[in-house]
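Good morning, and thank you for coming.

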Amino acid sequence: MEAVNDLTKDYMIRVENLTKSFNNLTVFENLNLNVKKGEVVVIIGPSGSGKSTFLRCLNHLEEPNGGKVFIEGEEVKFKNREHLRKITIKMGMVFQSFNLFPHMTVLKNVMEAPVVIKKENKEVVYERSKKLLEKVGLIEKADMYPSKLSGGQKQRVAIARALCMKPDIMLFDEPTSALDPELVGEVLNVMKELAEEGMTMVVVTHEMGFAREVADRVVFMAEGKIVEEGTPEQIFKNTKEKRTKDFLERVL
């Protein structure tokens with residue numbers, strides 16, 4: 001075990017030979033990926049290539065069928081609930097759907113998890129939540145209910161809610177795919193700010209402009225495999241693999 005930890009200690013996330021299948025359908029097999037502290041890794045690829053399932057395995061929402069996941073050098077024990085809880089609070093996740101509590105105000109949505117799950121002091125969390133709502137440009141909506149917000153505003157609240165848990169890593173699963181086109185920019189701007197502040201991020205997205213501008217590394221997935229990875233310059237201008245070229249020609 002010590003040797004493995006030596007291998008993983010420089011990475012926030014290390015994935016070794018990860019495999020996931022549902023019944024007889026293999027979603028991906030033997031995936032390997034490392035993410036360093038402060039790195040922004042953007043995963044692109046066609047729908048159905050396993051990108052979202054991969055993120056769900058990182059955040060322990062799905063249990064892989066094989067392989068290992070290490071978070072900050074510690075191997076994830078998928079069968080151990082207490083261990084999973086301890087590891088999960090290191091990671092914030094933002095989904096396609098906003099999953100806000102409709103019966104709670106914006107401020108209470110942001111405060112809920114640290115108070116209930118981490119048993120943090122309510123006053124401390126209250127102050128942090130207000131600062132985070134300022135950060136995402138929504139402090140004036142603090143006392144409103146989610147039904148009164150636009151999709152972009154709801155997603156920014158979801159980001160503030162994830163950040164309120166003080167995660168070391170943020171995972172984004174196509175956070176703009178459910179938004180009207182004119183609302184996409186306001187969410188991407190918050191994500192760009194996080195990247196500039198040094199947050200470790202893994203982002204699944206169809207927003208190629210974001211991948212090109214913000215990513216340290218772009219990973220192209222297709223048919224359950226990592227086909228190619230590299231800097232945005234390498235992927236978008238000097239693509240090596242035909243499968244990547246074909247995909248980019250269709251989406252750019």
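By class, the lining of the largest pocket holds twelve nonpolar, six polar and three charged residues. Here Ala, Val, Leu, Ile, Met, Phe, Trp, Tyr, Cys and Pro count as nonpolar, Asp, Glu, Lys and Arg as charged, and the others, Gly among them, as polar. The model is predicted: local features need pLDDT of at least 70, side-chain atom pairs count only at pLDDT 80 or more, and totals for chains, interfaces and linings use all residues. Residues are numbered from 1 along each chain as its sequence is written, and side-chain values use heavy atoms, with hydrogens and water left out.

A pocket is an open set of points on a 1 Å grid over the protein atoms alone, where a 1.4 Å probe fits, with protein on both sides within 12 Å along at least five of seven lines; lining residues have an atom within 4 Å of a point. The largest pocket contains about 540 Å³ of space. Closest to its centre, of the 21 lining residues, are T88, M91, M93, A113 and I117.

The second largest pocket contains about 170 Å³. Its lining has four nonpolar, no polar and four charged residues; among them are K108, E112 and Y126.

Let us turn to two residues. Which phi does N23 have? It is positive, about 55 degrees, although N23 is not a glycine. N23 is exposed (over 50% relative accessible area), at 79%. N30, also not a glycine, has a positive phi near 55 degrees. With 45%, N30 is partly exposed, that is, between under 20% (buried) and over 50%.

Technical notes
Buried < 20%, exposed > 50% of the residue type's maximum accessible area, 1.4 Å probe, protein only. Points joined across faces, edges and corners; volume = space filled by probe spheres on them.
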